[in-house]
Amino acid sequence: MGCEISNKERAGVINPMYDCQPAGAQYAGIGVKDCIPLVHGGQGCTMFVRLLFAQHFKENFDIASTSLHEDSAVFGGHQRIQDGVMTLARRYPELRVIPVITTCSTEVIGDDVEGNISACNRMLKEEFPGRKIHVVPVHTPSFKSSQVGGYSECMQSIFKTITTAKVAPTGKLNLFPGWVNPGDVALLKRYMGEMGIDATVFMDTESFDSPMMPDKSISTYGNTTVEDIQAASGASASVALARYEGATTANYLQQEFEVPATIVGTPYGIGNTDAMLQAISRITGKSIPESLVKERGVAIDALQDLAHMFFANKKVALFGHPDLVIGLAQFCLEVELEPVLLLLGDDNSKYKKDPRILDLKAKCTWDMEVVCNADLWELEKRVKDPAYKIDLIMGHSKGRYVGIYNNVPMVRVGFPTFDRAGLYRKPTMGYAGAMELGEAIANTLFTHMEYNKDREWLLNTW
């Protein structure tokens, strides 16, 4: 038995698993309050990403486009940057941050983004002398990396632009969870509150699950403020929960402002959540409260009721963001599921040396395959192969047809999930998230048993 780590054999992509770098950069940008990302490219680079966000969250988000046309491809899109920044500044008096996000076309053209931002800053200072707008250069060519890399790049660029000096010590903890749902942000904030820790979550997307108020207003925006980002340089420490989405910013704060950085495994499952809370407890000196110990016990009891009878030896295929996929694979081991296929969808060469994958390799007593730079065709090919005997698929909604056409049950998790109601509202991280995830897996398997009349009588005796 062993673990094979490889790249897909084809050069082309069939049914991509990830979106492009600008999509990830836009997600990071909308996590900041009073921020409107300006995507320097064609309208589709904004329109289709906004559609994804709207499908996932059932909400609308403000994202602007420089709307390049053929003339810009020949003569350059410099003027479009300046016009876009100034239009946003004039139209939105509360606007404080504008990430200028490049795309494949503008990177190929070679537009001088930094030079244009300098020109924009001069025009902003002249037209709005008492107002500070942070215009952030974010280089995200679509022909390399993915939405994962774009999210990381935008996060780091925003901090580099806004966090320019070390502030007085705040005693706060910086928490970088990566690309997660509002339900996970709310859970992490609750955990920090129960531990008595003053923590700032970057980016705070809890309000993406926005209420409809009596005055019929709906406000969907990030909660992370410019002041939060500036104060990050005075924090007592940073903890990154996502190696590929938040760690670069935590490391930047350590290098530039001597804010100690700790990278922990993304807290999917019991063991990873234990390790996260223990690390935060060591850093802050705060003890883990009895309320979280009890929540842990409830989750373990719920998972124990399911593991041996329904999960044992079932073979699982996982796809999605690397931190999510690896964390879910670790969770599978805890509940006796067998992760036999891990699909990671971009060209990051660091995946093959990830210590968590090496740990999985040491623990597996079955054959496990990790495919980097993968697409959903790789998933379909293996699901159809009788040698794999896949019992369950876990991933985002773009893989739904692989499950439907091959009669394999699928649990929706990750981004985007648009064919199930309210998943963004539920946690996947932490003890509560582990219980939610375990019960979602069980209910998916139960429904599949009933639909296929496959030993559904077991549910009578459980």
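How much area is buried between domain 2 and domain 3, and what share of it do carbon and sulfur atoms give? In this predicted model, the area buried between the two domains comes to about 1,400 Å², and carbon and sulfur atoms give 62% of that. On the domain 2 side, Tyr-27, Lys-33 and Glu-59 lose the most area to domain 3; together these residues make up 37% of what that side buries.

The domain assignment divides the protein chain into domain 1, built from 3-14 and 298-458, domain 2 at 21-145, and domain 3 at 173-284. If you take centres over C-alpha atoms, domain 2 and domain 3 lie 25 Å apart. Where they meet, 16 residues of domain 2 are in contact with 20 residues of domain 3.

Looking at individual side chains, Arg-96 and Glu-227 meet in a salt bridge, with 2.7 Å from N to O.

Which helices each supply at least two residues of the side of domain 2 that touches domain 3? They are helix H1, spanning 21-29, and helix H2, spanning 44-57. H1 gives the most to this side, with four residues.

Key: Residues numbered from 1 in each chain as written. Predicted model: local features only at pLDDT ≥ 70, side-chain atom pairs only at ≥ 80, totals over all residues. Heavy atoms only, no water. Domains from an automatic or database assignment. Contact = heavy atoms within 4.5 Å. Buried area = accessible area lost by both parts, 1.4 Å probe. Salt bridge = Lys/Arg side-chain N within 4 Å of Asp/Glu carboxyl O.
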